[in-house]
Amino acid sequence: MSRATHDHVVVDYGGGMVEPTLAQVRALVDELWPEAYAEPWDSVGLTTGDPTARVGSVLLAVDPMDDVVAEAVETGADLLLTHHPLLLRGVTSIAADTLKGGQLTRLVRAGVGHIAAHTNADSQLGGVSDALTDVLGVAVRGPLVQTAGAPDGVGIGRWGDRAPTTVRALAQILADALPATVTGVRIAGDPDAEVRRVAVCGGAGDGLFDAVRAVEADVYVTSDLRHHPATEARDTAHRSAGLPHLIDISHWAAESLWLGSAADQLRREASERGWEMRIVVSTRRTDAWTLRIGQEEQHG
Ligand SMILES: [Zn+2]
């Protein structure tokens, strides 16, 4: 709702619908993606915002980049919920002429709160990696790494089985389902190899090769695969059965898949609570890469 209405006034829409407070929305977010499931190094939850302020509108995005902060301010959002944290490491200044300080200053001035749901949303059932297994038609059998102290099945990455296909066909499913990016979908390995067992990790997953090999996945889908981890994984693969083949997808595109299901979950919960709260998914592209020059496809 409009900025002027939410500060200290309980907005009643006659039908009993009411704008929740930021504290209430924060509690709901923690219920859906518990902060306790986040990795120890992560920084999740409320970054900025007045817990007593009313939240009539929420904007969901992957990255709290300048463009997204501008979108939140311009569209009159009361809360920006992003997958990636706005502040991950310690800061001693939020001066407006620094990157993060400038973003925070704009949010605070406009009365927009910020919440990050990062590795807690990765780990949670129905989270970021599950958005990928859903698209790939994979029946999930478990996480690649179970989160300590969390219920069974909650953890980083997913693995499971699907109807037989090929590496190339799986890559094509991803290319069709994900927003187009200049880096596209890349394969390392044999595109025509048969695939039944699939491992996925939304975000940068090149630290999980041991777990991927342990579940004997035919293919591993993740993002930000660097040269050395990827070449070493393929060399290791060649010494055994040639597995896993690798599919590398855009970090932003992979995680943007989750926003739709996160928005649906929030809408459902808000409506059950009788909250008047608009949930909108960002239209801004925050993929790091903006242009690609060269061959479309290279075999070898
Ligand atoms: Zn990420």
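Mentor: H251 and E255 are both buried, where buried means under 20% relative accessible area, exposed over 50% and partly exposed in between, with a 1.4 Å probe and protein chains only. This is a predicted model, in which local features need pLDDT of at least 70 and side-chain atom pairs count only at pLDDT 80 or more, while totals for chains, interfaces and linings use all residues. Residues are numbered from 1 along each chain as its sequence is written, and side-chain values use heavy atoms, with hydrogens and water left out.

H251 and E255 are 4 residues apart in helix 10 (residues 251-272), so about one helical turn separates them. Helices (H or I, at least four residues) and strands (E, at least two) are DSSP runs, numbered from the N terminus. The zinc ion is coordinated by NE2 of H84, NE2 of H251 and two OE contacts of E255, at 2.1 to 2.4 Å. Donors are N, O and S atoms within 2.8 Å of the metal (3.2 Å for Na, K and Ca); because water is not among the atoms, sites may look incomplete. In sequence, the donor residues follow the spacing H-x166-H-x3-E.

The angles among the 4 donor atoms run from 56 to 133 degrees, and the site is irregular. Four donors count as tetrahedral if all angles lie between 85 and 135 degrees; four count as square planar and six as octahedral if opposite donors are over 155 degrees apart and all others between 65 and 115; anything else is irregular.

Helix 10 also takes part in an aromatic contact. The whole structure holds 2 aromatic pairs. W33 and W258 form an edge-to-face pair, 5.4 Å centre to centre with 75 degrees between the planes. W258 lies in helix 10 and W33 in the loop between helix 2 (22-32) and strand 1 (45-48), so the pair ties together parts that are 225 residues apart in sequence. Rings of Phe, Tyr and Trp (its six-membered ring) pair if their centres lie within 6.5 Å; planes under 30 degrees apart count as stacked, over 60 as edge-to-face and the rest as tilted. W33 is buried, with a relative accessible area of 1%, and W258 is likewise buried at 1%.

The other pair joins the rings of F209 and Y220, whose centres are 5.6 Å apart and whose planes meet at 75 degrees, so this pair is also edge-to-face. F209 belongs to helix 8 (residues 209-214) and Y220 to strand 11 (residues 219-223), 11 residues apart. Both F209 and Y220 are buried.
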